[in-house]
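Here are a few notes to read alongside the structure. Take them in order, with the view open beside you.

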Amino acid sequence: MLSFIGRSVIQKIITLFFVSIVSFLIIHLAPGKPSQVDPLNPKFTPEIVERFRKEFHLDKPLYVQYVYFYRDLFTGKTVSWKDNQSVLGKIWERFLNSLPLFIVGTIITWTLSFPIGIRSAIFRGRFYDRSATFFSYLLISIPGFFFAYILIILVVTRFHVPVIGMETFGLGDASGLRLVMDRVWHLLIPSVLGATGGIAILSRYVRSQMLEVEGQDYIRTARAKGVPEEQVHYRHALRNALLPFVTMFGLILPGLIGGSVIIESIFSWPGIGRMAYEAILARDYPIILTVNFISAVLVLAGTFVSDLLYLVVDPRIRL
Amino acid sequence: MKRRSNMQEFRQLLRQNRLAMTGLVIFLLFFCIALTGLVLTTGTNPTFDPAIVRLQEKLRPPLSEPNIETLRPEEVPGLGMYLFGTDDLGRDVFARMLQGAWVSLTVGFVAVGISVLIGILMGGISGYFGQNHVRVDQVLASIVLLLGGALLVLGARSLGVGLLIIGHLYIFFSAWSKRIWRGRPIPRWMRGFYKDAVSIDTLIMRFVDIMLCFPSFFLILTVVALLPASMYNIMIVIGLTSWMGATRFVRAEFLSLREQDFVTAARALGVSDFRIIFRHMIPNAMAPVLVSATIGIATAILTEAGLSFLGFGVPPPHATWGGILSDGKRFIFDAPWLTFAPGIAILIVVLSFNLFGEGLRDILNPKLRERS
């Protein structure tokens, strides 16, 4: 157990090192320079560009820049090239905005996909199962931005509530309930959108897991000895089918920072995805690289957690 | 019972799977539409000109008749009416959709083609030659070569060229080394260099792990935004960032295939590795790759639409479905057809690929085949 943990931690650190190199190279070898300026802007004189290059070590060779950048990142001193603010501080602030979306989206995904998946496994091949299958393909295939506009049109024309942004501007003196409802509406639509793909994929996965377990011998035994159907499904089958999903708690970790770029820009939601998008537009390399690095860390941590959970949950796995 | 050929059985199963059949039919239809769209919207005097601006006819709803009196003869839309309406510049949305269909189709196919090619190459090497080890001297030589190349690119000319020359000299040396040593014992200090360092399989799979760490849409967005805007860049970038799944599938198939009797028999007959891989193993390993490629096309089309929507797609005035939707988002209440026409088109095409891919998975599943 301990040797497994040690080995995989070392392996993940090596992977992370290469990820940092690859992402650094991708960004810096792409055509165009961050110090490239608009020639029409009178504020950018060659002297200022020179000072900018010097300040952010852009005049040094690439490997020196690499060392400088990751030294700054680990000591928490990286600053954005746009406004000289601390990158980690900016990310933290945006992360707090994205967090409610992530939490509500995850709750919606997990509470909806299990009942749907289990039900379509029980009614395999019948109308419910076939329509659930079709709808999950529909949800996987629908472009997020298109679905977003359908929902916006629907909600705005039907319920007459504004949904863009985090809250309606200028509601300061409204009553408590209205304020809360306003926040709920603003939160709900983007969260539902973030959850659609997850619901479709997860419910299919639940269904296939259930079907696999239902085909096992011990389920037939349970039926043969006269256990009521309800109990066969929920006590014998479901509990065994749930096993792989415990490990998925680890795999949702990267979603914390993933934050959909498209959905956040449609809804003007000041989250991480939107910040990353703005950083890309502004060629703000420190932010792009930091977001990339943190998400790589989360992916690796997620797989690590899910491996560990598997070890804890499934007694058949021995190291 | 008469044995049916694989192809007949495939067709039989496809006909039974209604969703997959629908997917295939829609896909073929889409292919024809995209091809005719390409023919009808290009050239000097196209039937449907997606670029004509008619400011007096802006935001006309679908199926509306044009005002013939106010238009010059060459400005009259192709079908005599605006099938999908017009946008805020009075351009015919139907013509623009036709033009955009070809972009979606090529981006989907070329990107997936690139990723499948890389996947087969990497997965094949990893699955077939994976047990071979890279020696320490080979690792050192490739590091020297890479460093030399990098230094040359970064400007340190003399050092870079020097390292490159050393690396190449070493390659020639090791190519001849068998003849030089010829049975003589290798000196002790050299032996460390000839140790096995790492297996090829580990090397490639770690590389896959590294690539999987990147958040894919964010990475694609970053690279596409930094590169000059063009359709080819988008295809290449999507292809280069989505080969990991295909690699894993091909590797897994190769690992199981190379243990099978027909491969052993081929090897016993003295068939070359190259021929075994291309004639015997790849045709047998294609099933899961085909399935993942079909679903990959759907994902690539969605990714391209997302990029166009964010404004990083094919540069204007060329129309793309994501771009039409993005232009129409300011008018979602006044002109919803600008949102719905491209949105539903993307939805149907992506859905057809997904359905066909899933159906293909069922059909190619050996468990299902044996039963029928």
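1. Start with helix 7 and helix 9 of chain A, which cross in a right-handed sense. Keep in mind that this is a predicted model. The pair, residues 176-214 for helix 7 and residues 229-241 for helix 9, packs at about 125 degrees, and the axes are 9 Å apart.

2. Who actually meets whom between helix 7 and helix 9 of chain A? On the helix 7 side, look for Gln209(A), Met210(A), Val213(A) and Glu214(A); their partners in helix 9 are Ala237(A), Asn240(A) and Ala241(A). Sorted by class, this contact has 4 nonpolar, 2 polar and 1 charged residues.

3. Now go back along chain A to helix 4 (residues 87-122) and helix 5 (residues 127-141), which pack at an angle of about 135 degrees with axes 8 Å apart. That angle makes helix 4 of chain A oblique to helix 5 of chain A. Here the crossing is left-handed.

4. For the residues behind that crossing, pick out Ile116(A), Arg119(A) and Ser120(A) in helix 4, facing Tyr128(A), Asp129(A), Ala132(A) and Thr133(A) in helix 5. The class count for the contact of helix 4 with helix 5 of chain A is 3 nonpolar, 2 polar and 2 charged residues.

5. Next, the place where the chains touch: 34 residues of chain A are in contact with 33 residues of chain B. Several elements of chain A give two or more residues to its side, among them helix 1 (2-29), helix 6 (144-159) and helix 12 (261-266). Helix 14 of chain A gives the most, with 6 residues.

6. The largest nonpolar core has 132 residues, and Ala276(A), Met97(B) and Ile301(B) have the most contacts inside it. Helix 3 of chain B (residues 93-128) supplies the largest share of this core, 18 residues. To see the surroundings of Ile301(B), leave out residues up to four places away in sequence: Ile301(B) then touches Ser104(B), Val107(B), Gly108(B), Ile346(B), Val349(B) and Val350(B).

7. Have a look at Gly273(A) too, which sits in helix 13 of chain A. Is Gly273(A) buried or exposed? It has 27 other C-beta atoms within 10 Å, so Gly273(A) is buried, the cut-off being 20 or more. Thr303(A) is 30 residues from Gly273(A) along the chain, and their C-alpha atoms are separated by 22 Å.

8. Finally, check two backbone angles in loops of chain A. Ser268(A), in the loop between helix 12 and helix 13, has phi near 45 degrees, a positive value in a residue other than glycine. With 10 C-beta neighbours inside 10 Å, Ser268(A) counts as exposed, since the limit for that is 12 or fewer. Arg283(A), in the loop between helix 13 and helix 14, has a positive phi of about 55 degrees and is not a glycine either. Arg283(A) is partly exposed, because 19 other C-beta atoms lie within 10 Å.

Conventions
Residues are numbered from 1 along each chain as its sequence is written. Chains are lettered from A and ligands numbered from 1 in the order in which they are written. This is a predicted model: local features need pLDDT of at least 70, side-chain atom pairs count only at pLDDT 80 or more; totals for chains, interfaces and linings use all residues. Axes are lines fitted to C-alpha atoms, for helices over the stretch in contact, and angles run from 0 to 180 degrees between N-to-C directions. Helices (H or I, at least four residues) and strands (E, at least two) are DSSP runs, numbered from the N terminus. Angles under 35 degrees count as roughly parallel, over 145 as roughly antiparallel, 65 to 115 as roughly perpendicular and the rest as oblique. A crossing is left-handed if the near helix is turned anticlockwise from the far one by less than a right angle, and right-handed if clockwise. Two residues are in contact if their C-beta atoms, placed from the backbone, lie within 7 Å. Ala, Val, Leu, Ile, Met, Phe, Trp, Tyr, Cys and Pro count as nonpolar, Asp, Glu, Lys and Arg as charged, and the others, Gly among them, as polar. A nonpolar core is a set of buried Ala, Val, Leu, Ile, Met, Phe, Trp, Tyr and Cys residues joined through C-beta atoms within 7 Å.
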